[in-house]
Amino acid sequence: SRIELIQDLEFDVASSRLRLSRDGKFLAATGVYPPQVKVYELSELSMKFERHMDCETVQFEILSDDYSKMAFLQADRTIEFHAKFGTYYKTRIPKVGRDMIYDKHNCDLVVVGSTNEAYRLNLENGRFLKPYSLLSSGANAIDQSVLHGLFAVATDAGVVECWDPRARRRVGVTDVAAAVGVAD
């Protein structure tokens with residue numbers, strides 16, 4: 001048996017997030033001090049490139065099948081878009097973001113955070129759309145089902161809200177904290 005290691009897969013302090021490209025050929029990792037992203041080509045087991053950033057990355061998404069388009073949610077309320085050549089565009093969201101997902105079916109980047117709204121940035125039109133209005137004062141996480149496309153948003157209140165992006169409405173709410181007996 002043989003062990004193969006990816007060369008230079010390290011950060012000075014810590015790595016916070018990892019993502020595998022949809023084509024399975026690249027691994028992207030973000031880390032801190034200094035804030036940076038590194039992309040590794042898995043067929044070569046080596047680093048393709050590294051880029052330093054102005055702020056720590058909270059979450060990121062690979063928008064394309066390879067590493068050529070990425071979006072980074074940063075701690076200073078900035079969403080930074082990168083192309084193969086480097087930083088392409090930056091925009092800010094009104095409140096601090098905690099998590100985000102990319103809905104490839106309608107080209108929306110959905111960001112949740114310290115607010116009762118889930119911000120929707122349509123990347124095809126390049127503008128913010130009407131946000132989803134959450135029942136809680138904040139959300140910690142969001143994810144999308146690959147099976148049926150619904151979003152699940154985990155809120156501060158221990159509630160999981162499910163949203164249908166096609167109808168742009170809430171389709172279900174589950175109070176997880178009450179179900180497991182967690183008191184306020």
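Let me start with a working definition: a salt bridge here is a side-chain nitrogen of Lys or Arg within 4 Å of a carboxyl oxygen of Asp or Glu. Please keep in mind that this is a predicted model.

With that in hand, hello everyone, and let's look at arginine 22. Its partner in a salt bridge is aspartate 65, and the closest N and O atoms are 3.1 Å apart. This pair links distant parts of the chain: arginine 22 belongs to the loop between strand E1 (14-20) and strand E2 (26-32), while aspartate 65 belongs to the loop between strand E5 (57-62) and strand E6 (70-74), 43 residues apart.

Glutamate 80 has a relative accessible area of 2%, so it counts as buried. Lysine 90 is at 40%, so it is partly exposed. And which residues are linked in a network of salt bridges? They are Asp54, Glu80 and Lys90.

The other one is between arginine 166 and aspartate 164, where the closest N and O atoms are 2.9 Å apart. Arginine 166 counts as exposed because its relative accessibility is 60%. Aspartate 164 is buried, because its relative accessible area is 12% and the cut-off for buried is under 20%.

While we are at strand E8, please find tyrosine 88, which has its place in that strand. It counts as exposed because its relative accessibility is 60%. Together with Phe85 and Tyr89, Tyr88 makes a nonpolar surface patch of about 440 Å².

Now for the sheet. Four strands form an open sheet, and their order is E1-E2-E3-E4, with antiparallel pairing. Which are the edge strands? E1 and E4 are, since each pairs on one side only. From one strand to the next, the twist averages 20°.

E1 and E2 are antiparallel and pair over six bridges. If you want a landmark there, arginine 19 stands opposite alanine 28 in E2.

Strand E3 (residues 36-41) and strand E4 (residues 46-52) also run antiparallel, and six bridges join them. The landmark in this case is lysine 38, which stands opposite glutamate 50 in E4. The hairpin of E3 and E4 has four residues between the strands, and leucine 45 takes a positive phi near 55° in this hairpin.

So, to take away: arginine 22 and aspartate 65 form a salt bridge between two loops, Asp54, Glu80 and Lys90 form a salt-bridge network, and E1 to E4 make an open antiparallel sheet.

Methods: Residues are numbered from 1 along each chain as its sequence is written. This is a predicted model: local features need pLDDT of at least 70, side-chain atom pairs count only at pLDDT 80 or more; totals for chains, interfaces and linings use all residues. Side-chain values use heavy atoms; hydrogens and water are left out. Buried means under 20% relative accessible area, exposed over 50%, partly exposed in between (1.4 Å probe, protein chains only). Two strands pair if DSSP finds at least two bridges between them. Patches are made of residues with over 30% relative accessible area and no salt bridge: like charges are joined within 9 Å, nonpolar side chains (Val, Leu, Ile, Met, Phe, Trp, Tyr) within 5 Å. Accessible areas come from the Shrake-Rupley method with a 1.4 Å probe; for residues, only the protein chains shown count as cover. Axes are lines fitted to C-alpha atoms, for helices over the stretch in contact, and angles run from 0 to 180 degrees between N-to-C directions.
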